[in-house]
Every structure is written in structure tokens, then in C-alpha cells.
Amino acid sequence: MSDIDAWEDDLLRRYPETPASAGFRDYVNQVRPGVREFYFQNHRYQTFDFVKRKRAQFLSLDRRRMGMWEAMEFLNQLVDDSDPDIDLPQIEHLLQTAEAIRHDGRPRWYIVAGLIHDLGKILCLWGEPQWAVVGDTFPVGCRFAEEIVFHEAFRENEDWGHAQYQSRLGIYQAHCGLDQVLLSWGHDEYLYHVVREYLPPPALAMIRYHSCYPIHREGAYAYLLNEDDKSTLKWVRDFNQYDLYTKREERMDVEALKPYYEELLAEFFPATLRW
Ligand SMILES: [Fe+2]
Ligand SMILES: [Fe+2]
């Protein structure tokens, strides 16, 4: 996959804003070859042990201290050299998301969640491969649900042959709640740990689960969810429209928006955070 946005572009193909008639949709055969390879790598290498290792490696948050705006500028170094005209700088996706939420008169915690939701992608700048940063997330330690895109690719995952991990509940109790479930590793979970002390629960849920398409869009894994997750997922789905459908060709005036957003960030976060 040539760039970090290719998976998100593929999400728009899988979940178009105006869905075509059911029989017309054939995601699997229409996927671009590089993106297909990305899904296969992701499904092959995201094992229970891999997730444990990455959590141990990154969740100590001892890499760097940065403020939020600084993190946005740092993330903005992620540009696709191979095709600089096509993709919007990362900071503009964040601003477009936040501006759409603001335009709809949503609360300030919601706007700030939109502004920062992809900052976990800085994992790429620390040398992590794309399949370990972006992609649909899904539970590990239990059976891979058929609703996960390219489910057949899990045959190459070493957990496929693990009897307990491939039982329906795996290592979990029925209806234990999403909070108890280990998801495949990526930018969502990482950022959640950076900001968990500073935002209200719905904002944290949007950040932590926004890539979990198998659950929030496909309705898989209902047997792991508890009562609280139902309202949590309502927020995640509500946020998903802003994440997916606000990408515009038109450029954002970053400097003009900066004062408003710096003030907003200061309302929720300290001057520097641990990354
Ligand atoms: Fe994201
Ligand atoms: Fe996003």
C-alpha cells in the first residue's frame, strides 16, 4: 500500500455515503491490489501475542513529551511521497472532521475529539508498518468474526490454529464489555491511552473504537458487549459519519483556524502530554 490514506479511501469504497443497491456491491473483487495486500498482512500478523507486545512497547508512553498542536504538526510530516497531489495533509483531515462537528453545533468535547482522533498515527513516524497502525480493528483472543473484511486472510494468522483463541468467546466471558476486550493494535488504542485522563467517556469511545468497523458498522461480536456498550457504540457510529464523509478537496486555512483550536485544546489538555 503506497500511503497511509489508502485504507481510509478503501473504507469509503466499502461504506459509501450513498450506498449502491445491494447486489451491486462487491468489495472483495473491486479492491486495489496494494490495499488487498495490506488487509492480508494486517490479518496475518495481528495475533494475540503481537497485540500484547505492542501494548508493552508503546503504552508506557515514554517516547516523547509533546503538546497536542505540536503532535498535529508532527503527524503532518506523514506525507505520501509517491503521490503528493492526491492526499490531503493529515492535519487537514483532522481540521475538516472538527470543523464539520463544530458546524453541527456539537459540544466542545466532541469537537476536540474530532480534532485529535487520528494523532495515534504518529506510530508510523516511529517506524511501525502501516498494517500495525491503520486498518479495521477487531478482537484478538477469540474467534475472528466472519464480518471482518477479508476474513479468509486469517488462515495465515498463527492464532487460527489455537483452539482457545478460535472458540467463540475465547479468553473472554460472555457480555464482559468492550473495555475488557483486547483489540488488534493500531492508532486508536494508542491515542486512547495518551488522552484517557482528559476527556469524557463518549469522546474516549470515539477515539478508541473508531476503526472497529466489524463491531460499529457490521454488528459483529454482540456476545462480548454489555449494556453500557450500546450507548457507547451510538456515539462511535455518530462520530463515524464525520470521520468518513467530511473529506474535501478544498484546503483548510490552518493558520486562520489555529487560534480557535489552540484555545479549545488548552481547555482539555495540559501544555504537554506523554506519548
Ligand atoms: Fe483513524
Ligand atoms: Fe480519521
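Guide: Helices (H or I, at least four residues) and strands (E, at least two) are DSSP runs, numbered from the N terminus. Read that way, the elements of the protein follow the order α-α-α-α-β-α-α-α-α-α-α-α-α-β from the N terminus on, with 12 helices and 2 strands. This is a predicted model, where local features need pLDDT of at least 70 and side-chain atom pairs count only at pLDDT 80 or more, while totals for chains, interfaces and linings use all residues. Residues are numbered from 1 along each chain as its sequence is written, and chains are lettered from A and ligands numbered from 1 in the order in which they are written.

Now for the close look. Two packed helices are described by the angle between their axes and the distance between the axes. Here, helix α9 (residues 201-209) and helix α11 (residues 227-245) have axes that come within 9 Å and cross at roughly 65 degrees; axes are lines fitted to C-alpha atoms, for helices over the stretch in contact, and angles run from 0 to 180 degrees between N-to-C directions.

Which residues of α9 and α11 meet? From α9 come P202, A205, M206 and Y209, and from α11 come T232, W235, V236 and F239, a contact being two C-beta atoms, placed from the backbone, within 7 Å. By class, this contact has 7 nonpolar residues, 1 polar and no charged ones. Nonpolar covers Ala, Val, Leu, Ile, Met, Phe, Trp, Tyr, Cys and Pro; charged covers Asp, Glu, Lys and Arg; the others, Gly among them, are polar.

Stepping back, the C-alpha trace of the whole protein spans about 55 × 40 × 35 Å along its principal axes.
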